[in-house]
Amino acid sequence: KSLFTSIILLVMINIIDSITNSAVGPSLIFYVMDMGGTKEQYGMIMSASYLSGMLMMSFYGAWVDGNGNKYKAPYAAAFTMGIIGSFIYFLAIIFPKGKFAIGAILVGRLITGLGASGRTLAYSWVATAIPRGDQRTILTIMSMTRSFGMILGPLLNALVAEINT
């Protein structure tokens with residue numbers, strides 16, 4: 001039962017993570033431009049998020065390996081960084097347009113990237129907790145749910161695109 005609950009939780013995380021990424025991604029350029037940024041700064045912000053995530057993946061792996069394959073603390077850290085980064089990203093709107101607002105967006109996306117890289121923990125957990133014969137099925141389900149979230153994100157974005165903010 002605990003294993004089933006864990007898999008359901010991972011599926012939900014996958015869907016929410018994918019929806020969030022595919023909803024924020026297309027609108028980021030507009031947010032950066034509205035806050036006084038440039039296309040170059042938009043590119044830097046996108047790159048910084050992925051770079052911080054890429055660097056953090058190794059840290060999560062070493063953390064899990066070093067603590068006896070316990071995942072709660074690394075997951076908690078990833079979620080905390082994701083929440084803090086998203087909050088900073090959101091708060092950029094209260095800063096004066098220009099370098100301060102763009103700096104807040106950059107810092108927010110950097111921290112969000114650190115948290116988002118925690119998604120690799122799910123695949124690591126499957127490799128250690130699921131019997132080898134069942135891993136392919138679980139990994140396929142996780143890939144399907146990630147793809148499902150990537151479809152839902154833009155659909156949700158289209159629903160709110162015309163809201164006058």
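Trainee: Is serine 58 buried or exposed?

Mentor: Serine 58 counts as exposed, at 55% relative accessibility. Keep in mind that this is a predicted model.

Trainee: Which helix does serine 58 lie in?

Mentor: Serine 58 belongs to helix H2, which covers residues 39-66.

Trainee: How far is methionine 57 from phenylalanine 95 in space?

Mentor: From C-alpha to C-alpha it is 31 Å, for a sequence separation of 38 residues.

Trainee: Back to H2. At what angle does it cross H3?

Mentor: The axes of H2 and H3 (residues 72-91) cross at roughly 150° and come within 10 Å. That makes the two helices roughly antiparallel, because angles over 145 degrees fall in that class.

Trainee: Which residues meet there?

Mentor: On the H2 side they are Met56, Tyr60, Trp63 and Val64. On the H3 side they are Ala73, Pro74, Ala77, Ala78 and Met81.

Trainee: How many of those are nonpolar, polar or charged?

Mentor: The contact of H2 with H3 has nine nonpolar residues, no polar ones and no charged ones.

Trainee: New topic. Where is serine 22?

Mentor: Serine 22 sits in helix H1, residues 2-34. Serine 22 is buried, as its relative accessible area is 13% and the cut-off is under 20%.

Trainee: What does its side chain reach?

Mentor: The serine 22 side chain reaches the backbone oxygen of serine 18, at 2.7 Å.

Trainee: And what does serine 22 touch, beyond four places in sequence?

Mentor: Serine 22 touches Gly149, Met150, Gly153, Pro154 and Asn157.

Trainee: Next, threonine 145. Which helix is that in?

Mentor: Threonine 145 lies in helix H6, which spans residues 132-160. Threonine 145 counts as buried, with 11% relative accessibility.

Trainee: What is threonine 145 in contact with?

Mentor: Setting aside neighbours within four places in sequence, threonine 145 is in contact with Val11, Asn14 and Ile15.

Trainee: Now the whole chain. How many helices and strands?

Mentor: There are six helices and zero strands. Along the sequence the pattern reads α-α-α-α-α-α.

Trainee: What share of the residues is buried?

Mentor: Of the 165 residues in the chain, 36% are buried.

Trainee: What about the accessible surface, what does it come to?

Mentor: The chain has about 10000 Å² of accessible surface, and carbon and sulfur atoms account for 72% of that.

Trainee: And what box do the C-alpha atoms fill?

Mentor: Taken along the principal axes, the box is roughly 55 × 35 × 25 Å.

Trainee: Last one. How many of the contacts are between residues 24 or more positions apart?

Mentor: Such pairs account for 72% of the contacts in the chain with a separation of 6 or more.

How values were computed:
Residues are numbered from 1 along each chain as its sequence is written. This is a predicted model: local features need pLDDT of at least 70, side-chain atom pairs count only at pLDDT 80 or more; totals for chains, interfaces and linings use all residues. Side-chain values use heavy atoms; hydrogens and water are left out. Axes are lines fitted to C-alpha atoms, for helices over the stretch in contact, and angles run from 0 to 180 degrees between N-to-C directions. Helices (H or I, at least four residues) and strands (E, at least two) are DSSP runs, numbered from the N terminus. Angles under 35 degrees count as roughly parallel, over 145 as roughly antiparallel, 65 to 115 as roughly perpendicular and the rest as oblique. Contact means heavy atoms within 4.5 Å. Ala, Val, Leu, Ile, Met, Phe, Trp, Tyr, Cys and Pro count as nonpolar, Asp, Glu, Lys and Arg as charged, and the others, Gly among them, as polar. Buried means under 20% relative accessible area, exposed over 50%, partly exposed in between (1.4 Å probe, protein chains only). Accessible areas come from the Shrake-Rupley method with a 1.4 Å probe; for residues, only the protein chains shown count as cover. A polar contact is a pair of N or O atoms within 3.5 Å; within protein, one must be able to donate a hydrogen and the other to accept it, and residues adjacent in sequence count only if both atoms are side-chain atoms.
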